[in-house]
Amino acid sequence: MVDYALDRENAEPERYELREPPAHIFAVNRREFFGIAGAGLVIAAAAQQAAGQGSARSGALEARLHIGEDGTITVLSGKVEEGQGALTELTMAAAEELRVPLSQVRTLLCDTDRTPSDGITAGSRTTPGTVPGVRRAAAAARTLLLTTAARQFQVEATRLEVRDGAVTHGGRRYTYADLARSPELAAAYKNPPQGGALTPVKEWRILGKPQPRVDARDIVTGAHRYPSDIVRPGMLYGCVLRPPSYGATLESVDLEAARKMPGVIAVRDGSFAGCAAPTSFAARKAVEAIAAGAKWKVAPHPSSDGLFEHLKKHASRDARPRGERGNVEQALAAAARRLKASFQVAYVQHAPMEPRAAVAEWHDGRLTVWTGTSNPFSVRQQLAEAFHIGTDRIRVIVPHFGGGFGGKHTGEAAVEAARLAREAGRPVKVCWTRAEEFMWAYFRPAALIEIEAGLDARNSLSAWEFANYNSGTAALGTPYRVANVRETFIPSDSPLRQGSYRCLAATANNFAREAFMDELAEAAGKDPLEFRLAHLDNERIKNVLTAAAERFGWAERRKKRRPGVGIGLACGTEKNSVVAAFCEVEVDRESGTPRLLEIVEAFECGAILNPVNLRSQVEGCIMMGLGPALREEILFRGGRLTNGRFRAYRVPRFRDLPKTEVILLDRKDLEPAGAGETPIIAVAPAIANAVFDATGTRVRSMPIRLPRR
Amino acid sequence: MATIKFTVNGTARSVETEPERPLLEVLREDLGLTGTKYGCGEGQCGACTVLLDGRPTLSCITPAREVQGRKVTTIEGLAANGKLHPVQQAFVEESAMQCGYCTPGMVLRTVSLLERNPNPTDGEIIEGLNGHLCRCNGYHRIVAAVRRAAVLAGKQS
């Protein structure tokens, strides 16, 4: 059986990770220390076990930093860059502690032969987990520079400081390059320093200041090579034969039609069949030729029409509550009022701009793969299983890729390219089409959420029962004060392949909870903001609520009514950050479609590391959240998607831009937390609540749509 | 197969190709110009935008035969002698990218937009760029970059 221990260990605790055996396990046929190092100084730091995303080798010293004899500084991390800003953030972290300009540091991200494993890049863990590791290594290097210089100058280290990458004293200068060439280097190799004092927030010169992306120039000139842009000598282009529907299995296929084509190789290996050719056009033609005669055994598959009945019907019978206190039954029975509602959230697709892509190359029984994945060490494991070889013979390199949002935790294209490359005896590139990405990537889980709550005689929450079917446990627990609680996640049989998506199930759970809190506030005859504040002990949530309410002008705008226009709010917390959103929507009663006119969102994630990137993440979350809130919904029938293309599946566009204001609260007294996910969770419920305010109708589903007139 | 002769970024090129093959694939696979991106193959996302005789064109749905004798500009042809085009400069200064995969298409569309309308309003920018998708949803920063590009281009001319 497949061993997913590594994956489990690397996953964040609340993760509802896609777990499945590799799609293909092929028929059996028959580290050096990092090459970039050259001479110089290596700084290792103890691997972090931050929420399980550190190295699998717990507590081991990992090479984090290399200082070349010319003074070039290289940061090493197994994290990946997919647009979220890890590259710039890790570069800033090292430059800060080393006291050098940003331009003097280069950061090498995931290459399994060269970088330490930092686990999966997910769960907003780079900021709280990897940044401290890089800072510790850089601070250790700075300390070493100081103490070595102090010995050279024969003065006390406390009288010296590192500035612009050098220690100066009495006209003498000692730099990182000198350090890297020093005789003490050999000793440093044997006993790498394990950290120095981190720079306090109030002394930051680089962290906390706006820094543009360090790789911006390569992006605007088209010079950056994304995984789909990698070219290797003699490389062919691959195309894979896809089943006609979900669950269909290949019974027979004749490869001759493809093999007759010039330069084409074709292979079938179990459930896998595909072709490689000198151009992707020729590869597609070859696959079309074999597809014509392929025989498939199809399987029945449910339709999206009966989705929520299906999830309920196939719900696990032995799910136990994740959170339970007091006695919910008694409290409900004693409640002055009881409310009950059911919420539905559709499947959605991540649809990153760059579909899955990989280039694979075999050399002397070793496999090298360039691919876009957030989970490179797991992809290496998948390749090892698929090809029956040790992970020590597989190298996975992850160039900065074109978006993931939680949707690229797997290595499908890598496995496919590697199988074709082995057949061809040449490197092969496989780039999925948009249609393949829609149908064969995985989806954000659909959710059915049932809530029942009670209010006591003073209109305070006294009972809270919350059940999430199928979508997961993130932000399952209510942040509101209530004595009697039962919160349960109930797995079900998902008709579609499902996995992570930006902030996981927190979006669904927060949508249902925050929409229902509005219903409770209405039942209690309270203002929705006051009702929330009255039930909150979490000061951080109260702070963002208050900040956004003031900027939005909640109190004044509640008094002014405009026909067809409404306002709403929502808040939430997840991954050690807090968010509140206030918005105004307009509802076109003919089409039933709400339009987001304005949104004010306040976000707080501890001490801010890079305000420019943070703002981009929050703005991006708002706009991305708008899609599944108002329009995005995967539809399927007969084992096929019926809207798996951008023409039919409408993601947000420029025209959807609302008037937007982002408020970033900088809590310099708190440890920095990640920020790429939580800002998404307040968007949909704020819109739903504004739709109610505009129309008097509660829409308890995502996407939020009113019946057409 | 056909011989297609056309000019790419100021250089005369000749390729032997199936005439129905998308221009996008000819640029990326035959000429090594990978700055032009595949995003959807249905002309819905704008990632594959190039300038064909100066006009923005979706190269994923443009057959190679259509460029016979014409001039194509890709993202690689925009910076002159290592100096960024004002639009590229503006995208850098505004940090108008996250994953950056949509950026080449956005930049080329903006070049064309500003040639026709050197001082667009926000509404005109939104209409002009609406055919382009950014899944990192960095639309605010991109609009800001186009505004800044208009200023930078104005200073240069």
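A salt bridge here is a side-chain nitrogen of Lys or Arg within 4 Å of a carboxyl oxygen of Asp or Glu. Asp111(A) and Arg395(A) form one, with their closest N and O atoms 2.6 Å apart. Keep in mind that this is a predicted model.

**Domains of chain A**

- Chain A is split into three parts: domain 1 (40-219), domain 2 (227-298 + 356-431) and domain 3 (314-347 + 443-702).

**Where domain 1 meets domain 2 in chain A**

- On the domain 1 side 20 residues are in contact, and they meet 19 residues of domain 2.
- Together the two domains bury about 1400 Å², with 53% of that area on carbon and sulfur atoms.
- Glu82(A), Thr112(A) and Ile120(A) stand out here, supplying 39% of the area that domain 1 buries against domain 2, more than any other three residues.
- Two salt bridges cross this interface, and nine residue pairs are in polar contact, both residues being at pLDDT 80 or more.
- By class, the side of domain 1 that touches domain 2 has six nonpolar, six polar and eight charged residues.

**Where chain A meets chain B**

- The contact draws 58 residues from chain A and 51 residues from chain B.
- About 4700 Å² is buried between the two chains, and carbon and sulfur atoms give 56% of it.
- Val220(A), Met353(A) and Phe654(A) supply 20% of the area that chain A buries against chain B, more than any other three residues.
- Seven salt bridges span the two chains; Arg135(B) and Glu632(A) meet through their side chains in a salt bridge, at 3.9 Å from N to O.
- Helices H6 (216-220), H8 (280-291) and H18 (611-630) of chain A are the elements that give two or more residues to the side touching chain B, and H18(A) gives the most, with eight residues.
- That side of chain A comprises 24 nonpolar, 17 polar and 17 charged residues.

**A closer look at Gln152(A)**

- Gln152(A) sits in helix H3 (residues 126-153) of chain A.
- Its relative accessible area is 38%, so Gln152(A) is partly exposed.
- Leaving out residues up to four places away in sequence, Gln152(A) touches Arg172(A) and Tyr174(A).
- Arg172(A) lies 20 residues from Gln152(A) in sequence, and their C-alpha atoms are 9.8 Å apart.

Note on methods
Residues are numbered from 1 along each chain as its sequence is written. Chains are lettered from A and ligands numbered from 1 in the order in which they are written. This is a predicted model: local features need pLDDT of at least 70, side-chain atom pairs count only at pLDDT 80 or more; totals for chains, interfaces and linings use all residues. Side-chain values use heavy atoms; hydrogens and water are left out. Helices (H or I, at least four residues) and strands (E, at least two) are DSSP runs, numbered from the N terminus. Buried means under 20% relative accessible area, exposed over 50%, partly exposed in between (1.4 Å probe, protein chains only). Contact means heavy atoms within 4.5 Å. Domain bounds come from an automatic or database domain assignment. Buried area is the accessible area (1.4 Å probe) that two parts lose on being put together, summed over both. A polar contact is a pair of N or O atoms within 3.5 Å; within protein, one must be able to donate a hydrogen and the other to accept it, and residues adjacent in sequence count only if both atoms are side-chain atoms. Ala, Val, Leu, Ile, Met, Phe, Trp, Tyr, Cys and Pro count as nonpolar, Asp, Glu, Lys and Arg as charged, and the others, Gly among them, as polar.
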